[in-house]
Each structure stands twice: as C-alpha cells, then as structure tokens.
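Here are a few exercises to work through with the viewer open. Try each one yourself before reading the solution.

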Amino acid sequence: MAEHHYDVVVIGAGPSGEGAAMNAAKHNKRVAIIEDKATVGGNCTHWGTIPSKALRHSVKQIITFNTNQMFRDIGEPRWFSFPRVLQSAQKVIGKQVKLRTQFYSRNRVDLLNGRAAFLDKNRLEIRGHKSVETIHFKQAIVATGSRPYLPPDVDFRHHRIYNSDSILNLSHTPRTLIIYGAGVIGSEYASIFAGLGVKVDLINPGSRLLSFLDDEISDALSYHLRNNGVLVRHNEQYETVKGDDHGVVVTLQSGKKIRADAFLWCNGRSGNTDNLGLDKVGLEPNSRGQLSVDDQYRTEVEHIYAVGDVIGWPSLASAAYDQGRSASSDVVQDEYFRFVDDVPTGIYTIPEISSVGKTERELTEAKVPYDVGQAFFKDLARAQITGEAVGMLKLLFHRETREILGIHCFGDQAAEIVHIGQAIMNQEGEANSLNYFINTTFNYPTMAEAYRVAALNGLNRIF
C-alpha cells in the first residue's frame, strides 16, 4: 500500500475544492486534491450550474428565433427536442473539464482519483479502481459538495421520474411535466421546459416563489412563468408519486391529482458526507449530511475545514469558489481571508434575476427610512434594440444619507448588471452613494445606463 505526505489535502474537485487547492499551491504548500469521479469540476460542471445554464442559453435563443418577426421572414417557427438542445451543454462541459484539469497540472497539485475516507485525524485512505493509498496530511479541506435530496417514498428508478441530476439524461421531450419544488432549481427548469413548449405544473410547498427575493421581483417571476404557460400551485405537499408506462400521477395532500408525461423532483439537497469516515475524526453531519463550521470555515476538528455545498447556505458555485479560497487563506495565514456572506443571487430563469443587499420587506421591518429608484428596461434604448424589453432595475437607498441598501434586477443580463451596483455598495463611507450613479457617465446605449435612470428616478422622490 502506497503512502504519501501532504501539507494540505482537499476532498472534492468542484468549485470550492479548486479554490482551496489553488490558493494553497500558490503559497508553496504540497497539495493533493481527491476526486471520486473520472473528471474534475464537481456537480457545478457536470450536473448543475454549467449544463443547466448552457441549456437555458440555448432555449433562450430558440425563443428569440421563434418570436422575432425578422426571423419569421426567413422561415417558420422551429421545434427542438430536449436531447438536441442538451448537446450544446455537453460541449461546454468538455471545455470546462479540460481547462480545470490544466489548472491542477500547471500548479503542481496532485490529482488523485478515488473515494476518500478518514482513518484518523491525520490520515486518509483513498480507494481507487485498482489500488488503495494512504495519505498523511497536516490540514484537510472537505469540499465534497451535495446531491439532490431523494425522499424514500418516491421511486427514482422509474423511467419517468427524475431528479435535478438525472434530468440531464432525459432522452425525449415530454409534452407535460410536473416539477415538485419551486426553489431556484425548480424555477429555472420550469422556465427551460416552458421555453421548449412543454406544459409545466410547478408545485410549490411554500406560499410564494423564492420568498427570499424582494416581493416585487418574486411577483414578477410568478407573472412571467404563468405568462409562459407554467401553472404554479402554491401551498401544496405531495402525498404519493406513482409512475406507470404512460406517465406519472402525483396525489397532493389537498386531495388534488395531477398527471403528466414525466416528473422532476427539485426539493432540497443533501451534503456528500456519507462514507467519509467522519466518525473516525469525531465529526457528525446534520440530518441533511451537512457539516457545521465556525467563522474561519473550521469544523469541530481545528485542522479540518469544510466549504461549499457541504456546509449548506448559500449553495452557489460563486460563493463556493470564495469559501474554498478563504479556508485555504486561513491555512496559509495570508491577508485575503474573509467570511463569505456578501453573495449576490444569480437566478437563471427566463427572464433572469439577480440581487444583492436588503429587500423592501427587510428595510420596512427594520424601520429604515429608505426610498426607491426604478428603471424599466422597456424605456432603455439598448433593450429596445435587442428586443429584451421585459424587466427592471430597482435601487433601494437611505433617503437621508443616499447610501445604497439593496439592488434588485429582473430581466435580460440581470446577473451581469447587478455587479456594478455591488461594487458601489461595497465602498466605505460616503463613497457608497446614489450620487455615484447620478454623476457618472455611462456608455449609451447600454443596459448599465439603467443605474443612471434609476438613480434619477429615486432622486426625484426625495423632498
């Protein structure tokens, strides 16, 4: 049995693992990263962020083609199957894997394939296809990610019942689809399938869509999903999910029954901590398989860290990169450590959503004297040119100091637009001000110009 010694061992080659390994390697640590899949990238590259967003982009292009009058002059509307549209996503995955594999090679990080399990507080066992190795480490970073939570009373082996990972293996385009769970993933897939002409029932166990969003943005999403043919059912819980040769019947606790060609489960995720041998080091995950950490990303075992989806919130690839890098910063004691809590949302529905900072509800409850500046995309020249007139940018600011308190965007390129405001919000003191957008010249025509329009709109409300 081969034995190896490392300063830092990272378990999992997804975004958080990559961020941790790269930063440790840059500080001349001897680093190994362990991945139980054949290729690097984690859930983000293979089953989550990359394929779903590539899929969404293709569907959005199809919608543009089928609804743009200019294209109607050269041909009739086209129908595309789900597997065909998914092919474009596979190309992106291949490019991402190649790029990320090169990162490890270029930075001399040892990439070890196999399943890792702790033997004790300073040793790991790696079981590969044909070998077993023992790894000695000074510090370990658990970055094993998450997988869809699968309730035991739903038969996910049935060929018409899918979860948010296995849906990427769908080999046909259903005419009707039931999506259970109206969180970020469920809402995104509802948009994607509706864009392909599938009749979607979106079952939401809660009372409103994405309740963490600003109410106005949540309402806008509800409207546009319904406008695109999605039937949203709030405050519903499933009783049974039964598949047969022709479809799936979902019986709800309210007594309703719904039938569709296929069923997609999008309700919760579980941390990948089983089979890690955590009991050997005195760690115990919660009921969802997640590890608790302190404000330095350390677990209860001081030299073992955890980052990314395996620690829960916010379960975003963007945050995972930074969490991994920050945990590694604590290991190498550099000046870049930060606890990641300032995370913009990026929700790739059609239209997309992004926000950062406080919502109107939060500011009202806190009795903060705020006001609102709005810019509607339909009034922006760039949006009129591109035909993407749906959406708005909303700035929430303190009416006395003009400090920017929240930024909420709904519409084309929302996840890009929000970062301009985020940069200003992160400035200290008087530099975080509505005045920046009033006194700055923006390129014209651009979507960024929405900040100037919204700021002037808000200025007009102050008296």
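**Exercise 1.** How many residues lie between E18 and E19 in the hairpin that they form?

Some ground rules come before the solution. This is a predicted model, where local features need pLDDT of at least 70, side-chain atom pairs count only at pLDDT 80 or more, and totals for chains, interfaces and linings use all residues. Residues are numbered from 1 along each chain as its sequence is written, and side-chain values use heavy atoms, leaving out hydrogens and water.

*Solution.* Step one: find strands E18 (residues 345-347) and E19; strands are DSSP runs of E with at least two residues, helices runs of H or I with at least four, numbered from the N terminus. Step two: check the pairing, which takes at least two DSSP bridges; here three bridges join the antiparallel strands. Step three: the hairpin has five residues between E18 and E19.

**Exercise 2.** Find the strand that pairs with E19 over five bridges.

*Solution.* Look at E22 (residues 404-411), which runs antiparallel to E19. Within E22, His408 is the bridge partner of Ser355. E19 (residues 353-357) is largely enclosed by the rest of the structure, because four of its five residues are buried (under 20% relative accessible area, with a 1.4 Å probe and protein chains only).

Methods: Buried < 20%, exposed > 50% of the residue type's maximum accessible area, 1.4 Å probe, protein only.
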